[in-house]
Every structure is written in C-alpha cells, then in structure tokens.
Amino acid sequence: MKIEIDSHSGFCHGVTTAIKKAESELSEGHRLYCLGDIVHNGSEVERLRKLGLETIDHATFSRLRDARVLLRAHGEPPATYEAARRGGITLVDATCPVVLQLQRRVKSVCDSMPQAQVVIYGKPGHAEVVGLVGQTGGRAIVLQSEEEASALDFNRDIYLFSQTTMSLVGFHALISYISQRIKSPAEFQYFDTICRQVANRLPAIRSFAARHDVVVFVSGLKSSNGRMLFDACRQENPRSYLVDTPEALRSEWFEGAESVGICGATSTPLWLMERCREVIQSDC
C-alpha cells in the first residue's frame, strides 16, 4: 500500500515562527508562559509542554508579575499589551505579520471613519477575531454568513475585512450580498485580508484527496482551518477520515486501498503526520 504525505500540509509560516520562538526561549532556560494554546493541535501543545512551555488563560495572565509570556500567531487586542505593561511582563510577540498588518488596517479605518460600520467576516470568539475587535474598542461587527449580514444598516457606510483563515468563497459571497443592498450615498468598501498561504491550500488539498483511495486528515479538533480543509477532502473523497492522534486510526478504513494520502491543517506538525504513516504501515 502506497502512503503519501501531502507536501503542502503542515504549519504555515506564522505558526512555524511562533514555535521556533518558543523553542528558542526554552532552550535558553527561560520560564515561559503562552497565552492560550500556541497552536490548535493538542499533540504539539503537549510536546512543547514537556519542554517547559506553560499554557495559561487571560485570567491567569492578568495576575502574573515579572514573567515572560509568548503571544501566539493569532494576535491579541490592545488590552493584553496594557495588562503586560502594568504587570511588568516581558512579551515574546509571535503575532503573525499578516495578522499584524490586518490589525493596523482595521484600527486605521475605525479611527478615521467613526460613523461607519466596521465588519469582520470571521468566527466569533476566535482568538484572531478577538484581537481584531479589540482594535476597534469593541465596535466591530462580526459575522459568518449572508443571513447574519441582513442585520447591517445598508444606509450607512460599511467597511468589510476578513479573518485571515476564512474561506475565499464565503468572503466573495458576502461581498456580493452587501454590494447588492448598499444604498447610495452610503459607501461599501472591502479589504481582501485572507492569507493566501492558507487559502491556496484548498485547491491543492482537493487535488491531493482525489488521487488517493483513502485520505487521513490529521488535525486538532479545535482547528477551524482543519475543519474547513477536512470538509474539502471529504467532498472530493468520501473515504476521508479525521484524526487528531495516531491512536484514532482504524484498520478497517484501509481495506482494499492501494494508496493512502495523509494531509493536515496549517496547525498540524509534520512529525505527527509521519507518526500516523508509521502506524498505518505497521498496524493497518
């Protein structure tokens, strides 16, 4: 049985940078906290925990004093930086440059257009979205669908941004929906802020899934990027299976298969996909 690991799968640049920063800090003997899971993959979080990385929530962060805290690639709102200043906390800022640029653009529009509706196409409560909303002092409107967009005031200016990991198809559908309903003299402007390193994986992973008998998609169960890519795999190949660890693999999935493709999310480490390959080769 031929087993192929998708060369396009695995960590995006932002996640790679965050993990390298964590490993560098830990190798120098620093006690290091991470504000939230460094990546939406439990196996990678556990690997780094064994190296000494301590994951904390915002409540714990607010009580820290004179500590070193890593900010993950998703980014943080201004309130986090202010809390760090008050607590004498040294920040190891691993915010993805793409997210940082988006934060600045959102803040700039919000500050210069106080009467406009600043809209973010994204998942409410997602770490990146929380950071973006923070740039607007809580003013931004977060929505995920055309149905939710129906509540917008089309008599007022609308400025639309997107969480960097959202679907391009969904974003363009939202653009079309708002464009058809905006009422002059109100203006509608949109900013395509979707990360192409992430977005371009969608067509690539569809092609990958189509050329294998069975697809194993390796991803943390909390990863929204992972869910989107897995759904694309399953649309192309009904014999696609989602696992978060090698222990979740089932031998019956591979009956009669001549080729198996292993792929993953932008938060999936290569070593975990390689471990799944080893288990399939030995046990399945």
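Colleague: How many disulfides does a search of the whole structure find?

Modeller: This is a predicted model. A disulfide needs two cysteine sulfur atoms within 2.5 Å. For C12, the nearest cysteine sulfur belongs to C96 and is 6.2 Å away, and C12 is in no disulfide. Over the whole structure, the number found is 0.

Colleague: Is C12 buried or exposed?

Modeller: The cut-off for buried is under 20% relative accessible area. C12 counts as buried because its relative accessible area is 12%.

Colleague: How far from C263 is the nearest cysteine sulfur, and what is the relative accessible area of C263?

Modeller: C263 is in no disulfide; the nearest cysteine sulfur, in C233, lies 3.9 Å away. A disulfide would need the two sulfur atoms within 2.5 Å. C263 is buried, and its relative accessible area is 0%.

Colleague: What span should helix α12 have, and how far apart are its end C-alpha atoms?

Modeller: Helix α12 covers residues 270-283, which is 14 residues.

Colleague: Which residues of α12 are buried, and what arc do they cover around the axis?

Modeller: The buried residues in α12 are L272, M273, C276, V279 and I280. An α-helix has 3.6 residues a turn, so residues three or four places apart point the same way.

Colleague: Which are the edge strands of the open sheet of 4 strands?

Modeller: The strand order is β7-β6-β8-β9, and the pairing is parallel. An edge strand pairs on one side only, which holds for β7 (141-143) and β9 (188-190).

Colleague: How many bridges join β6 to β8, and which residue is the bridge partner of V118?

Modeller: Strands β6 (residues 117-121) and β8 (residues 158-162) run parallel and are joined by 5 bridges. In β8, the partner of V118 is Y159.

Colleague: What angle does the direction of helix α8 make with that of β8?

Modeller: Helix α8 (residues 168-181) packs on the sheet and touches β6, β7, β8 and β9. Angles here run from 0 to 180 degrees between N-to-C directions. For α8 and β8 the value is about 175°.

Note on methods: Residues are numbered from 1 along each chain as its sequence is written. This is a predicted model: local features need pLDDT of at least 70, side-chain atom pairs count only at pLDDT 80 or more; totals for chains, interfaces and linings use all residues. Side-chain values use heavy atoms; hydrogens and water are left out. Buried means under 20% relative accessible area, exposed over 50%, partly exposed in between (1.4 Å probe, protein chains only). Helices (H or I, at least four residues) and strands (E, at least two) are DSSP runs, numbered from the N terminus. The expected span of a helix is 1.5 Å times one less than its number of residues. Two strands pair if DSSP finds at least two bridges between them. Contact means heavy atoms within 4.5 Å.
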